[in-house]
Amino acid sequence: MSLSLLASAAPPADPTFHSGFAYFRWLHELLPAPFFHTQAFLTFFALILVAYWSIPRRFQMTRVWLLVVASFHFYAAWSAELAFLVTGTTLADYLFGRLMGHATRSWFRKLLLYCSVGMNLGILCYFKYRGFFLNELYDGMRQLGMNPGFAKVSLENVFIPFGISFYTFEAISYAVDVYKRKIEPEKSLPRFLLFILFFPHLVAGPIVRAGDFLTQTRRPKRWNWVRAQVGVQLFLVGAFKKMAIADRMAMFCDPVFQSPDSYSSVAVWFAVLAYAVRIYCDFSGYSDMAVGAAHLLGYKLTNNFNMPYLAANVTDFWRRWHISLSSWLRDYVFIPLGGSRGSRWLTYRNLVLTFLIGGLWHGAAWGYILWGLAHGLLQVVHKWFKEYSDDRPRLVAFLETSFGTGLRVLLTFVCVSLCWVLFQPELGKALAVFEKLFYVQRGLALPLSNRSLWATVIFLFLCQLLVRSGVWAKLYPRLPAPVLGVGYAACLCVALILAPDSGTTFIYFQF
């Protein structure tokens, strides 16, 4: 049985990057990586949990400060310099919000909004996109026969703070909501710091809204055994998804995606299927653990997934996948662009632009941009087909049958899975995978037994079907507590048994 994932985890970055202060080096040794499924994090979280609930309920602000300090240390254990950077920008956003609340002139309020959004986007672009744009500029100038006057940036050496895209979007949504007077500017500095730095969602979401989270910081927290049970349940389910499914699927797809020319077309198709399963279980597993950890501390985070691979169309898929991001893009990009208020073609344009921004948000590479473009075009195709079928009631009736619904779910899953091929920084390898998918060639077989892959896929499908059908909602309340306890323990044991000897980092940590 492999216990390596709970025993240790490789640090996500070169440890020489860490601060020269002995305190932060010692902190890094205690908590070398911000991964929820490690022994170091579980020890850290247990200490925080005991200290948090040991503080009397009337000292609510003391609890808030404890979580702020714990969240800072959680990030500083990985990089002290960037922990101070995140804290500094959060202080600036707090001041911008307070000034907007007191400002009476619209031009000054708008200036403060531009300063807040510009600061956050500027830092995001500097860390995440400077290498990509400088290299594209370098290549373009070289092709025109011009001397760029600078060397190409080695993207492997570009250091991107974990979670910068997530907390940047949170800060921007706060500034916009304060400017539009949807929410009042937060007066309490520790509560605002907690809104951005809260460690369960700091590095990979879900993206929280200030209006939802800040109200929770004011509410006195009481220990609740039912809520604690929900938190533990979500955390264990997330650990199972990550360790037993996502990391195991990586053993199928990673070798094929790294060298697609060496494998047969059948193996590549299986690898695409494995990658679709992996990315879902990896990200939703993290989200489940984040939501579960927050529940144990008395906070409720946004549910980020709702069985997305059972979606019957790509629009429905984005209502179920990364819900906090898709709703953010809808509210702060699509609707400001005009949404669906204009003509059909303007709506199509707004959809494509929104998903292009979503693709660029994921990473500074052509693969991510094309992935966003592909999803934007799929949205356009679905909107067009819906308008086409609305005038044909017999076609609509067929599509609503069980067989028609099954076909729509299958087609949506295939389209989404093919788009996942683009979801990587190296576009050349993605194109090589597409070549193998649609031009039958011989090569190596899948690295592991196909039966293991199909067993995992069928198991995951049946679990989602069990929840979607409502059977689990009826069965769960009737199960005795000892049965549930044994089930949770079995879930953890199976995860430990099936987990590979060397685990992988969470995919969305790089965003």
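I sorted the lining of the largest cavity by class and got six nonpolar, three polar and no charged residues. Here Ala, Val, Leu, Ile, Met, Phe, Trp, Tyr, Cys and Pro count as nonpolar, Asp, Glu, Lys and Arg as charged, and the others, Gly among them, as polar.

The model is predicted: local features need pLDDT of at least 70, side-chain atom pairs count only at pLDDT 80 or more, and totals for chains, interfaces and linings use all residues. Residues are numbered from 1 along each chain as its sequence is written, and side-chain values use heavy atoms, with hydrogens and water left out.

**Cavities**

I looked for cavities of 30 Å³ or more and found two. A cavity is a set of points, on a 1 Å grid over the protein atoms alone, where a 1.4 Å probe fits but cannot get out; lining residues have an atom within 4 Å of a point. Grid points are joined across faces, edges and corners, and a volume is the space filled by probe spheres set on the points.

The largest cavity holds about 70 Å³ of space. I noted its lining residues, including Asn-120, Tyr-167 and Thr-168. At least two lining residues come from each of α5 (80-102), α6 (106-128) and α8 (164-179). Helices are DSSP runs (H or I, at least four residues), numbered from the N terminus.

For the second largest cavity I have a volume of about 30 Å³. Among the residues lining this cavity are Ser-71, Phe-72 and Leu-202. α4 (60-76) and α5 each give at least two residues to that lining.

**Second largest pocket**

I then turned to the second largest pocket, about 1200 Å³ in volume. A pocket is an open set of points with protein on both sides within 12 Å along at least five of seven lines. Of its 34 lining residues, Gln-233, Val-237, Lys-241, Val-467 and Trp-472 lie nearest the centre. Helix α12 is one of the elements that supply at least two residues of this lining.

**Helix α12**

I checked the length of α12 (residues 225-258): its 34 residues should span 50 Å at 1.5 Å a residue, and the end C-alpha atoms are 46 Å apart, which agrees. The expected span is 1.5 Å times one less than the number of residues.

I found a bend of about 35° at Met-251, with Pro-255 following within four residues. The bend is the angle between axes fitted to the seven residues ending there and the seven starting there.

At the start of α12, I saw a side-chain oxygen of Asn-224 within 2.9 Å of the backbone nitrogen of Val-226.

Note on methods:
Polar contact = N/O pair within 3.5 Å; in protein donor to acceptor, adjacent residues only side chain to side chain.
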